[in-house]
Amino acid sequence: MNIKANIERIRESVPASVKLIAVSKTKPVEYIESAYAANQRVFGESKAQELAEKYEVLPKDIEWHFIGHLQTNKVKYIAPFVSLIHSVDSLKLLEAINKEALKNDRIIDCLLQFHIAEEETKFGLNEEEGLELLTSSTFKTLKNIRIVGVMGIATFTDSEDEVRKEFRTLKSIFEKLKQNSFKEVQYFKEISMGMSDDYQWAIEEGSTMVRIGSSIFGVRNYG
Ligand SMILES: *Cc1c(COP(=O)(O)O)cnc(C)c1O
């Protein structure tokens, strides 16, 4: 497997306006170093301790994104350095992130994760829950987090129609939230959608960030 060649091939089909996140979860540090040598600087991980360990030993100009399900008691491992948390699906988690961000004297950027897939196992809010969270009095007190957009994972299926429909759903949720809660600000602009098998459709449906793992680093045995 040639990580450099994989990254270069993928970059050709990802416009410069779309951020390519190399999903390195479960993969060893050496793989990340290969991608780094190919000028990749943005990486995604889905386990807090694994991310913290990799952060320690790798170059400090890497932008780390957290993309997995995050437990409130694990926020502390990533709060000092994480660039973006894609997977916020409750007010409780947002409060925990705010608390750790405050301790580190930072403002942590977050995305709200929405459930757009047919599968029941995927985490995420529905549109109504998202609106409710953003209009809650608790949310307004959280000064050390900033919601910069939305994230979603489409159904694992060969049906292009289904996957595109789900991406359009996420895009429409994004527009709704923008209209309702972020009309006055510039920073609410990210739509994180698209993985190895569907990122080209995601980009056509308005994605601003694609999260690509196996097409860069090979298939995973777990995680
Ligand atoms: C693992 C993972 C990815 C990458 O998936 P690939 O199919 O390997 O590209 C993207 N997003 C999330 C949330 C993930 O957990």
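The model is predicted, so to speak of local features a pLDDT of at least 70 is needed, side-chain atom pairs count only at pLDDT 80 or more, and totals for chains, interfaces and linings use all residues. Residues are numbered from 1 along each chain as its sequence is written, and side-chain values use heavy atoms, with hydrogens and water left out.

## The ligand and its surroundings

Let's start with the shell.

| Residue | Part of the residue | Distance to a ligand oxygen |
|---|---|---|
| Lys25 | side chain, N or O atom | 2.6 Å |
| Gly213 | backbone, polar atom | 2.8 Å |
| Arg220 | side chain, polar atom | 2.8 Å |

On its own the ligand has 390 Å² of accessible area, and the protein covers 89% of it (Shrake-Rupley method, 1.4 Å probe).

Now to the strands. Helices (H or I, at least four residues) and strands (E, at least two) are DSSP runs numbered from the N terminus, and two strands pair if DSSP finds at least two bridges between them.

Strand β2 (residues 42–45) runs parallel to β3 (residues 63–66), joined by four bridges. Glu45 has Phe66 of β3 as its bridge partner. Between β2 and β3 the chain passes through helix α3 (residues 48–57) in a right-handed β-α-β crossover, meaning that the path over the helix runs clockwise with the strands pointing away from the viewer.

Strand β3 is in turn joined to the parallel strand β4 (residues 84–88) by two bridges, and Phe66 stands opposite Ile85 in β4.

Five of the five residues of β4 are buried, so this strand is largely enclosed by the rest of the structure (buried means under 20% relative accessible area). Three bridges link β4 to β5 (residues 108–114), again in parallel, and Leu84 has Asp109 as its bridge partner in β5. The chain goes from β4 to β5 by way of helix α5 (residues 91–103), and this β-α-β crossover is right-handed.

Definitions and conventions. A polar contact is a pair of N or O atoms within 3.5 Å; within protein, one must be able to donate a hydrogen and the other to accept it, and residues adjacent in sequence count only if both atoms are side-chain atoms. Buried means under 20% relative accessible area, exposed over 50%, partly exposed in between (1.4 Å probe, protein chains only).
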